[in-house]
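This report looks at the pockets of a protein model.

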Amino acid sequence: MALRTAALKPLRKSLPTRAFSTELPRITERRPNETGHGGRASDAGVKVALFGATGFLGRYVSSGLGSNGTLTYIGTRGDEFAYRHLRPHHELGRAKFSYYSSRDKQSMADIIADADIVINLIGKYYDTKALENTDSFPFLNYKVSTSVWEANVEVPKMIAELCTEMQVDNLIHVSSAAAGNVDSASEWARSKAEGEKEVLKAYPWATIVRPTQMFGHEDKLLNLFAKMAERFPVIPLVDGGHALTQPVYVDDVARTINRIVDDPEMFEGRRVDCFGPQDYSYAELAKFVYDITEQEPTLSDVPAEVVKYGANVLQYEGNPMLTPDMVDLWTEDYLPEMTAEKYEAQKQLGKVFTMKDLGVEATPIEKMAFKYLYRFRKGGHFILAEGYH
């Protein structure tokens, strides 16, 4: 494989014409001399190293790779129970699960070694903390195990550097639409922006994927409102919940990433923005959720600084429902960089792609939300059917 540097491999200046399928991106039928009957049982002829597969977005990306017969090397930091839900995504022998430590460069290099494409989904919105003994009262202290900055900046930087050193053909780095605000009050948003910067510095032809907030069965957006209503009679709307967000369906983002895997050279050094069809205020989302769940909490307009008092306590949960940094994030608009019309009006040179350019239509939030929020109703969805109550 030829050594690839920014000087030897300039970024693409023009876009080839290609119509993307609305179905699976690469393998739909059995090819000549190919094992299997096509799709999941095929050999896509590409090897992908996937970091962050056990996360919210990761399980959907893993499923898409498996459905297309992609040989996938999955990095995991947990035991077999942490990733066993990913095994059914792949045909037997088409996925390899390997333990790595984000502080052990060689363990990450071992996963990347044979890959044509590396996908980085690693990210964290809170500092992972653990208790340690101290010599003075109260003899216990919370220490930071993995910080937001390490997960969102240092680890992506290391992966990008390894991709350059090991001459990996393509790198797909998933960032966030919040990274567009480098002066954000949120450390998480600032770390995402810095992570992008470090990745592109180490690997200039990386493809950057910027989704807005994602919704789906395991989300921490719509589920958050419903879970808070189960625990608290009053739900605070940060600064009145007036900030705007434009949520995107998680599987739409995963399908977009799998289309990039299908033709990675087309997207080298480019950015793909993923966003939903409509923006909402957080107050509107809260009312939308409670209209589905039929929960009846009191919605209260609370200043951000006051909400942080509660967040300072909740942040010590194992998987925190709310953190002070999340409060800061919810005081600001979480939107794509441009309107849909401005994305379409771009010139081809230096164009920022959207899901639509890759043949992925944004799924409305109204179409999916009931499928996983009805469980918060008393009696579930059966409460509305005769004979079940």
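## Terms and model

A pocket here is an open set of grid points with protein on both sides within 12 Å along at least five of seven lines, and its lining residues are those with an atom within 4 Å of a point. The model is predicted.

## The largest pocket

The largest pocket holds about 1400 Å³ of space. Its lining is made up of 44 residues, and Gly55, Phe56, Gly123, Lys124 and Tyr125 are the ones nearest the centre. Two or more lining residues come from each of these elements: helix 1 (56-67), strand 2 (71-76), helix 4 (148-165), helix 5 (187-202) and helix 10 (324-329). Helix 1 contributes the most, with 4 residues.

Sorted by class, the lining of the largest pocket comprises 20 nonpolar, 16 polar and 8 charged residues. Gly is counted as polar in this scheme.

## The second largest pocket

For the second largest pocket, the volume is about 440 Å³. It is lined by 23 residues, and those closest to its centre are Phe275, Gly276, Ala340, Thr354 and Lys356.

Which elements each supply at least two residues of this lining? They are strand 13 (271-274) and helix 11 (340-344). Helix 11 has the largest share of the lining of the second largest pocket, at 4 residues. The class division for this pocket is 11 nonpolar, 4 polar and 8 charged residues.

Note on methods:
Residues are numbered from 1 along each chain as its sequence is written. This is a predicted model: local features need pLDDT of at least 70, side-chain atom pairs count only at pLDDT 80 or more; totals for chains, interfaces and linings use all residues. Side-chain values use heavy atoms; hydrogens and water are left out. On a 1 Å grid over the protein atoms alone, a cavity is a set of points where a 1.4 Å probe fits but cannot get out, and a pocket is an open set with protein on both sides within 12 Å along at least five of seven lines; lining residues have an atom within 4 Å of a point. Grid points are joined across faces, edges and corners, and a volume is the space filled by probe spheres set on the points.
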